[in-house]
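Subject: Structure handover and findings

Dear colleague,

I am passing on the structure we spoke about, with the sequence alongside.

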Amino acid sequence: MVRKFTEGRMLAYASGNFGKALVFSGADLTILFLLTDLLGLSAMAAGSLMLFALCGDLVFDLVAARLVIRLRHAGKGYRWMVAAAAIPCGLAFALLYAMPALGMREIWALALALLVFRGAYAVIDVPHNALMAQITSDSRARGRVSGYRLMFSTAAALALATILTPLVQQAGSEQAFDRLAITGMIAGMVFIVTMILCALTSNDGAGRPIADTPCEDGIAIPLGDPMVMAMALLGLLTGFFVPAFARTLLYIGSYVVARPELVPGLLLALTFGQFAGVLLWTALTGRFSKSALLAMGGGAGAIGLILFALCLPWPAALIGCAALIGFGLASVYMLPWGLLADAVDVVAWRHGRRFETGMFAGYLVVVKASGAASAAAIGWVLDGLGYVPGQAQAPAVQAGIIALGLGLPLIGCLSAILLMRRFDLGHARHARLIAGLARRRARRDAQSGAEPVSGLKRGLAKSSGDGSTGAGGLALSAQARQSISRSMVAPAVARS
């Protein structure tokens, strides 16, 4: 019964990813087309407006993190924030798709609508992601909830591919602005209902032994910590390198393979492969660590990318290659969130303070900034190579498309494999870490004047010296580890 309740709570929490993916990915896929083809902006003006909005995201996430921490001080937790921001965010999304029907073509009005939407979304995104560290403290369960999140996101991607995107295309060709506005309203309402239900049905793991008080949360994260740096690098890989395949698939199908009608099939194969990957990687989280599964998925994605490059002369074979790529990349997209929740615990152990909201907000900033940089880099490289829309491309441009669409994600997959070799935090070690944090928490409650990491400091004081691991973390001496184990039954987290 307890297991069923826990799984239900995790599914309720993960369902929020359906609403988030529906509005954010929907806007990401269609807003640029809406601005140019439906509202008549030039491509330069529309691109500049989107870049302005993306820069706003970087500020919004940090501001949202500070707001979350301040409201937690006032007794309003993550779930309250998600529910409170759902309505303004959903209404702002509906307004974006009602702009053509309302005749809103002023650049300032468009910019304001975009900023309101992305700002409201950040107020939901930061606490919803940070809530993952509170839903469960079990490393295996965090792997499963990472899979559930991606499962709901992929379901939203199917809805976008089959409903929203075709409607936007149809509105551009038939001037069906009223139908587009109604679709935006329906999507906004689905988002609002989904996020409010997510907030009401998922709790924050009340009673969890490592749940520190809100005043101990912080946004000024220790940037020099090896685990923080490793997560930042992982965010760069998942934001800049790995998604380049999907971002350039239209160019590959249209100008390299010269089969633009093949692109929808490739996108569907990528999505269904991702579905299969979610199911398998989630099922394996009980037997393997998240870092090992992410490395496996990176290997499968790398194989799929290599096969895709080899099969370019045979377009029919590319469907299977795209499915394999989606299957492998599913683990690269889903598991970093579980690793990030574990990293919060590691940093709390090392520094005597939890930086839950700050670490999740910082990771979001890295992913969004690197994603924006990747999109910009693709455009700049193609422009520099002489890309001309709608025409047959020169061999140099085709080679550039292949390098961007296949080379960048291949580098990302291989780099992720190497990075995961440095994550020495399996399920058993993380369980010992949680036990150590609980013991330290109990001691802190019992001794109000005691230093928060006195046991760790005693162990370091008795050690014969610090050693450096390949990951750049501090390796404790055997004497220090024994001291820690005797005092608090805590793990020796020697490597990141």
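This is a predicted model: local features need pLDDT of at least 70, side-chain atom pairs count only at pLDDT 80 or more; totals for chains, interfaces and linings use all residues.

Salt bridges

The structure holds 11 salt bridges, and three of these pairs are described here. In one of them, the side chains of Lys 368 and Asp 125 meet with an N to O distance of 3.7 Å. Since Lys 368 belongs to helix α15 (residues 356-385) and Asp 125 to helix α5 (residues 107-130), the pair ties together parts of the chain that are 243 residues apart in sequence. Lys 368 and Asp 125 are both buried.

A second salt bridge joins Asp 342 to Arg 142, with 2.7 Å between the closest N and O atoms. Here Asp 342 sits in helix α14 (residues 318-351) and Arg 142 in helix α7 (residues 139-174), so this pair connects parts that lie 200 residues apart in sequence. Asp 342 and Arg 142 are buried as well.

Asp 342 also forms a salt bridge with Lys 290, for which the closest N and O atoms are 2.7 Å apart. This pair again links distant parts of the chain, with Lys 290 in helix α13 (residues 290-310) and Asp 342 in helix α14, 52 residues apart. Lys 290, like Asp 342, is buried.

A loop residue

Ala 176 is placed in the loop between α7 and α8 (177-201). Is Ala 176 buried or exposed? Its relative accessible area is 13%, and because buried means under 20%, Ala 176 counts as buried. Between the C-alpha atoms of Ala 176 and Ala 101 there are 8.6 Å, although the two residues are 75 apart along the chain.

Helix α11

Which residues of helix α11 (residues 249-256) are buried? They are Leu 249, Ile 252, Gly 253 and Tyr 255. The buried residues of α11 pack against four other helices, namely α10 (244-247), α12 (263-284), α13 and α16 (395-420), and α13 is also the helix in which Lys 290 lies. After α11 comes Ala 258, which has a positive phi, near 60°.

Note on methods:
Residues are numbered from 1 along each chain as its sequence is written. Side-chain values use heavy atoms; hydrogens and water are left out. A salt bridge is a side-chain nitrogen of Lys or Arg within 4 Å of a carboxyl oxygen of Asp or Glu. Helices (H or I, at least four residues) and strands (E, at least two) are DSSP runs, numbered from the N terminus. Buried means under 20% relative accessible area, exposed over 50%, partly exposed in between (1.4 Å probe, protein chains only). Contact means heavy atoms within 4.5 Å.
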